[in-house]
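Dear colleague,

I am passing on the structure we discussed, together with some notes on what turned up when I went through it. Please have a look at it below before reading on.

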Amino acid sequence: MKTSKSILLAVAFIALAVLAAALYLQHFQDMQPCPLCVIQRYAFAAIALICLICASLPSGAQKAGAGLGILAGLGGAGTAIWHLWIIAHPATSCGRDALEAPMNALPPATLLPSVFKVDAYALCSTPYDPILGLSIPQWSLVWSVVLVVILVATLFKRNGSGNGRY
């Protein structure tokens, strides 16, 4: 059975790969991020950061890291669900005007604007072409759920001592 450390590192790698895909779409396919896209990026970045930090800690802290990663993943999944709802109901606003200024004032947006800055003209209801049959928020939801499931399994996996305790 894989160790919690290797699983946390794999989850961090997947989260970073999802962020890399988002950056590719932004910088090479000209798909500018809306506020909900950036919130989902924060969730994947939080998962990656939590998993990378906790992978180097003792097993008890690794379990705590899995729990924190689950919370970040659930936040990302909830944001993706809200994003999908907005796409299905384009008359509803994602709060672009209300969210843009505070999100762009956050330290990550000023330190890494190419990753975390909200585009002034990006709308959450913009209908981009699907990628392999799924929209971008659907892909975000799929990967958030996959990472949450992996982290839940890590959180509740046996210690490996064979004593039946979790």
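Which residues of the largest nonpolar core touch the most other members? In this predicted model, that core holds 20 residues, and V11, I47, C51 and L151 are the ones that touch the most other members. Helices α1 (4-28), α2 (35-55), α3 and α7 (136-155) each supply at least two residues of the core. Leaving aside its neighbours within four places in sequence, C51 is in contact with L8, V11, A12 and L151. There is also a second, separate core of seven residues, which includes Y42, M103, V115 and F116.

As for the chain as a whole, its secondary structure comes to seven helices and zero strands, and buried residues make up 37% of its 166 residues. Among contacts between residues at least 6 apart in sequence, 78% join residues at least 24 apart. The accessible surface comes to about 9,100 Å², of which 71% belongs to carbon and sulfur atoms.

Why does Q62 count as buried? Its relative accessible area is 7%, and Q62 is therefore buried, since the term applies under 20%. The side chain of Q62 reaches the backbone oxygen of A55 at 3.1 Å, and, once its neighbours within four places in sequence are left aside, Q62 is in contact with S4, K5, L8, C54, A55 and L57.

Best regards

Notes: Residues are numbered from 1 along each chain as its sequence is written. This is a predicted model: local features need pLDDT of at least 70, side-chain atom pairs count only at pLDDT 80 or more; totals for chains, interfaces and linings use all residues. Side-chain values use heavy atoms; hydrogens and water are left out. Buried means under 20% relative accessible area, exposed over 50%, partly exposed in between (1.4 Å probe, protein chains only). A polar contact is a pair of N or O atoms within 3.5 Å; within protein, one must be able to donate a hydrogen and the other to accept it, and residues adjacent in sequence count only if both atoms are side-chain atoms. Contact means heavy atoms within 4.5 Å. A nonpolar core is a set of buried Ala, Val, Leu, Ile, Met, Phe, Trp, Tyr and Cys residues joined through side-chain atoms within 4.5 Å. Helices (H or I, at least four residues) and strands (E, at least two) are DSSP runs, numbered from the N terminus. Accessible areas come from the Shrake-Rupley method with a 1.4 Å probe; for residues, only the protein chains shown count as cover.
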